[in-house]
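Trainee: I would like to learn how to read a model like this one. Could we go through it together?

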Amino acid sequence: QVQLVESGGDSVQSGGSLRLSCSASGYTYSSYCMGWFRQAPGKKREGVAVIDSDGSTTYADSVKGRFTISRDNAKNTLDLQMNSLKPEDTAMYYCARRTFRDRCTLVVLSYDYWGQGTQVTVSS
């Protein structure tokens, strides 16, 4: 079965950096768009960054220039390098797989498999 496991979440100070990783298994990893999403307490889940099979990336305006999404199709992994972190970035971060073998989108409902999440806390 499809399995996604995130790691790397931690507590850091404003301006710091973190690198999140997601290990995928149970499907042809390279064929699917993969994405990072986040959800803060009391807020709806939102798309952070996505990367297509061909390497094309899309970022939420709030993280452009600070976050970088990447994938290693040989290792079935997905990473999110987060720099210049802000308290507003505090959330549970999830990696997810697009439902169909199609182009990427930041829309949450377009993804069918999700990891359990890894917590990122940024203090001021």
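Trainee: Arg 97 lies over the face of which residue, and at what distance from the ring centre?

Mentor: A charge sits over a ring if NZ of Lys or CZ of Arg is within 6 Å of the ring centre and within 35 degrees of the ring normal. Here Arg 97 lies over the face of Tyr 32, at 4.0 Å from the ring centre. The charged end of Arg 97 also sits over the ring of Tyr 27, 5.0 Å from its centre. Before we go on: this is a predicted model, where local features need pLDDT of at least 70 and side-chain atom pairs count only at pLDDT 80 or more, while totals for chains, interfaces and linings use all residues. Residues are numbered from 1 along each chain as its sequence is written, and side-chain values use heavy atoms, with hydrogens and water left out.

Trainee: How many aromatic pairs does the structure hold?

Mentor: Rings of Phe, Tyr and Trp (its six-membered ring) pair if their centres lie within 6.5 Å; planes under 30 degrees apart count as stacked, over 60 as edge-to-face and the rest as tilted. The structure holds 6 such pairs. In one of them, the ring centres of Tyr 27 and Tyr 32 are 5.4 Å apart and the planes stand at 85 degrees, so this pair is edge-to-face. Tyr 111 and Trp 114 are edge-to-face too, with 6.4 Å from centre to centre and 65 degrees between the planes. Phe 37, Tyr 94, Tyr 111 and Trp 114 form one aromatic cluster.

Trainee: Is Tyr 111 buried or exposed?

Mentor: Buried means under 20% relative accessible area, exposed over 50%, and partly exposed in between (1.4 Å probe, protein chains only). Tyr 111 has 5%, so it is buried. Trp 114 has 25% and is therefore partly exposed. Tyr 27 and Tyr 32 are both buried.

Trainee: What is the strand order of the open sheet?

Mentor: Strands of a sheet pair through backbone hydrogen bonds, either parallel or antiparallel. Strands are DSSP runs (E, at least two residues), numbered from the N terminus, and two strands pair if DSSP finds at least two bridges between them. This open sheet of 4 strands has the order 1-3-8-7, with antiparallel pairing. Its edge strands are strand 1 and strand 7 (67-72), each pairing on one side only. Strand 3 and strand 8 (residues 77-82) share 6 bridges; Leu 18 stands opposite Met 82, and Ser 23 stands opposite Thr 77.

Trainee: Which residues make up the covered face of strand 3?

Mentor: In a regular strand the side chains alternate between the two faces of the sheet. In strand 3 (residues 18-25), Leu 18, Leu 20, Cys 22 and Ala 24 form the covered face, and Arg 19, Ser 21, Ser 23 and Ser 25 the uncovered one.

Trainee: Which residues does Thr 99 touch?

Mentor: Contact means heavy atoms within 4.5 Å. Not counting residues up to four places away in sequence, Thr 99 touches Tyr 32, Ser 110, Tyr 111 and Asp 112. Thr 99 lies in the loop between strand 9 and strand 10. A polar atom of its side chain lies 3.3 Å from the backbone nitrogen of Asp 112. Thr 105 is found in the loop between strand 9 (91-98) and strand 10 (111-114), and a polar atom of the Thr 105 side chain lies 3.2 Å from the backbone nitrogen of Val 107.

Note on methods:
Polar contact = N/O pair within 3.5 Å; in protein donor to acceptor, adjacent residues only side chain to side chain.
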